[in-house]
There are 2 protein chains.
Amino acid sequence: MTTPDDLGWLTRKLRSIDRVSTEEQRAVENLPFTKKRLEGGQDIVREKDQPTQCCLILDGWACRYKLLSEGKRQILSFHIAGDIPDLQSLHLKVMDHNLATVTPCTVALIPHEGVHDLVRRFPGICGVLWRDTLVDAAIFREWMTGIGRRSAYGRIAHLFCEIYVKMNAIGLADDYRCEWPITQVDIADALGLSNVHVNRVLQDLRSRKLISLRGRALVIENWDALREAAEFDPLYLHLEP
Amino acid sequence: MTTPDDLGWLTRKLRSIDRVSTEEQRAVENLPFTKKRLEGGQDIVREKDQPTQCCLILDGWACRYKLLSEGKRQILSFHIAGDIPDLQSLHLKVMDHNLATVTPCTVALIPHEGVHDLVRRFPGICGVLWRDTLVDAAIFREWMTGIGRRSAYGRIAHLFCEIYVKMNAIGLADDYRCEWPITQVDIADALGLSNVHVNRVLQDLRSRKLISLRGRALVIENWDALREAAEFDPLYLHLEP
DNA sequence: CGTCGTATTGAATGGGTTCAAGTAGCGTGG
DNA sequence: CCACGCTACTTGAACCCATTCAATACGACG
C-alpha cells in the first residue's frame, strides 16, 4: 500500500469505515487546509476553547484527555493518520476535553466553514463524517466497558488489539507488528490504572509470549491468545469489510 | 411547563441542546412513527441486530448496555423522554450494544427512511440530530473519565447531578427533586462498581445529608455539596443556555 | 401469606494503588 | 568521550478501596 498525500489520509480513513464515491473523494481532497508541524506532548486544542477549524492528523499520534483534581488524567482516545479527533467541534462549539500530540505530528487544520460547505454540496459526505463521529462514540462505549468491567490484564490486551486493527485498516500496520509510541503512563491514564500496575501486566503479557514490546515497536506474538485474553471483537470498530 | 404530545418530546429535547426553527419543529413532529408500550426490563434492540427504525422514548426510562463473560454487564447510558438512544443506527448498520427498558416505557418507533427523508429536506435538522449524537458521545467521555479516575463516592454523586440536570432540561424535574427508578444494581453496572459498595456509598451520601433516596424519589438536599463532591461541571452536556 | 426482587449488613479477601528507590536508555554539551 | 540530566521503565513492600461471599431484612404484589 502506498502512502497517501495530505488529505489522502482522510479519504483513506473514511473509506476504511464507509463507501466514498470517486467524486466525493475528490471533493474531500479539495478541502482547504493549512499544514502544521507540532512537537510531541503539546496541546492542540484545550477544554473550553471554541475552535473554528478541525485538526486532521497526517503523521504522528495524538490523544484526547480530560483532567481532574489532584492531577488525575483520563485519556479518552488515541489518534493516528486520517483521524479528525475534534470533528465534533463542528457542532459542539465548546471543547469539553483536550486534544494533544503524543509524538511529533504533522496536522492539517481545516476551517469549519470548508467542511460545512462540503457537506452542503455532498450529502453523502455528511453521512460519512457523521458516521465517523459515531464510530468514535462506539469506541468510547467499548473503552467504558473495558474500564468498568474488565481486569487490568484484559484491558491492556484489548488496547493492543484495537490499535493494531485500526493501524492495519489504514495500511500502517501488517504482519502483527506496529509502531507503539505510547508510554506506560499513557496506557495507565487511558485504562484507569496506575503506571506501576501497567508495568507488571506488561511483563506478564510478555512472559506469556502474547506480545513483545521493545522501544517503539509492538509485535503481537500470539494474536489468537491475545484476542481471547481481551475478549476482543472488532464489531464495534464498524470497519468496512 | 406542559407535557408534550408524542413527538413533541423529541422537539423539546432537541431544543434543549440546539436551536430549532418553527418550520423545522413542525417537520420533526410530522415524522412517521408507530407507538408501542413496553414492560420494564425488556430488550428493545440487541447487539448484532440491524434495525431499520429508531426508538424515541416517550415515557419511562431506558438504558444501553454491553455484556461480557461471566455475566458482567456495563450500562453505557440512561435515557428518558425525548431521547433516541439508538439514533446511531441511522449510520451504523449493526448494533454494537443492547438497548433495553428500565421501567415500563412508551416508545415511538421511527423508520430510518423517515429520518433520512427529513434530513434531506432540512439540512438544519441534520445538524441538530448529528449534534444530538455528539452530545451522546460527550456523555460517554464524561462517564469514561468518572469510571477511570473518580472514587466510587464521586462517581455516584456525579450520576445524581447529571440525571437531575438532564431531567430538569426537559421539564421533568425541578426543585432538586426527581424520579429515580434506577436500582442499586443498575447504578453499580453503570459505574463499574459492585452493588454492595453502591449501597454503602449511598448510605454515606444520605448520612452526610447530600441526598435522600426513598422508593422511586431522589431529593438533592444539598446541591452545592453534591456538585463539589462530584466535581460536576455541566459543560459536557452542551445544553442550550 | 409466600415469593421474588431489592436493599442491607458483616467479615474475609484481593486486585490494584501508593510510596519509595533504583535502573536503563538516550540526547546534549563541555 | 564521558558526565550529566531527563524521561521511561522496573522492583519491592505496605496499604486500601472495593469486591466477594453469605446471610438477613424489607417491601410490593398476586
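**Figure 1. The interface between chain A and chain B.** In this predicted model, 49 residues of chain A are in contact with 49 residues of chain B. Three residues, Trp130(A), Arg141(A) and Arg149(A), together supply 21% of the area that chain A buries against chain B, which is more than any other three residues provide. The size of an interface is often given as the accessible area lost when the parts come together. For chain A and chain B that buried area is about 4400 Å², with carbon and sulfur atoms giving 66% of it. Of the interface residues of chain A, 100% are also interface residues in chain B, so the copies meet through the same surface.

**Figure 2. The overall form of chain A.** The secondary structure of chain A comprises eight helices and ten strands, and its C-alpha trace spans about 55 × 40 × 30 Å along the principal axes. A compact globule of 241 residues would have a radius of gyration near 18 Å, and the 18 Å found for chain A agrees with this. Among the 241 residues of chain A, 62% count as buried, while the accessible surface of the chain comes to about 9900 Å², with 47% of it belonging to carbon and sulfur atoms. When contacts in chain A between residues at least 6 apart in sequence are considered, 72% of them join residues at least 24 apart.

**Figure 3. Helices α4 and α5 of chain B.** Helix α4 of chain B covers residues 123-149, and at 1.5 Å a residue its 27 residues should span 39 Å, which agrees with the 39 Å that separates its end C-alpha atoms. Of the 27 residues in α4(B), 25 are buried, and the helix is thus mostly covered. Helix α5 of chain B, formed by the 18 residues 152-169, reaches 26 Å from its first C-alpha to its last, close to the 26 Å expected at 1.5 Å a residue. This helix, α5(B), is likewise mostly covered, with 15 of its 18 residues buried. Gly171(B), which follows α5(B), has a positive phi near 80°.

**Figure 4. Arg150(B) in the loop between two helices.** Arg150(B) is found in the loop between α4 and α5 of chain B. With a relative accessible area of 7%, Arg150(B) falls under the 20% limit and is therefore counted as buried. Leaving aside neighbours within four places in sequence, Arg150(B) is in contact with Leu68(A) of the partner chain and, within chain B, with Glu142(B), Thr145(B), Arg155(B), His158(B), Ala230(B) and Glu231(B). The C-alpha atoms of Arg150(B) and Glu70(B), which are 80 residues apart along the chain, are separated by 25 Å.

**Figure 5. The surroundings of His97(B).** His97(B) lies in the loop that connects β5 (73-79) with β6 (98-101) of chain B, and with a relative accessible area of 0% this histidine is buried. Not counting residues up to four places away in sequence, His97(B) touches Arg141(A) from the partner chain, together with Val45(B), Arg46(B), Glu47(B), Arg64(B), Tyr65(B), Lys66(B), Leu76(B) and Gln88(B). For Arg64(B), which is 33 residues from His97(B) along the chain, the separation of the two C-alpha atoms is 6.8 Å.

**Figure 6. Asn195(B) in helix α7.** Asn195(B) lies in helix α7 of chain B, which is made up of residues 195-207. A relative accessible area of 38% makes Asn195(B) partly exposed. Once residues up to four places away in sequence are set aside, Asn195(B) touches Gln184(B), Val185(B) and Ala188(B). The C-alpha atoms of Asn195(B) and Glu113(B) are separated by 41 Å, and these residues are 82 apart along the chain.

Figure 7. Glu231(B) is placed in the segment after α8 (223-230) of chain B, and although Glu231(B) is not a glycine, its phi is positive, at about 50°. With 34% relative accessibility, Glu231(B) counts as partly exposed. In chain A, His238(A) lies in the segment after α8 (223-230), and its phi is near 50°, a positive value in a residue other than glycine. His238(A) is buried, with a relative accessible area of 7%.

Note on methods:
Residues numbered from 1 in each chain as written. Chains lettered and ligands numbered in written order. Predicted model: local features only at pLDDT ≥ 70, side-chain atom pairs only at ≥ 80, totals over all residues. Heavy atoms only, no water. Contact = heavy atoms within 4.5 Å. Helix = DSSP H or I, 4+ residues; strand = E, 2+ residues; numbered from the N terminus. Expected span 1.5 Å × (residues − 1). Buried < 20%, exposed > 50% of the residue type's maximum accessible area, 1.4 Å probe, protein only. Rg over C-alpha atoms; globule rule 2.2 N^0.38 Å. Areas by Shrake-Rupley, 256 points an atom, 1.4 Å probe, with all protein chains shown as cover. Buried area = accessible area lost by both parts, 1.4 Å probe.
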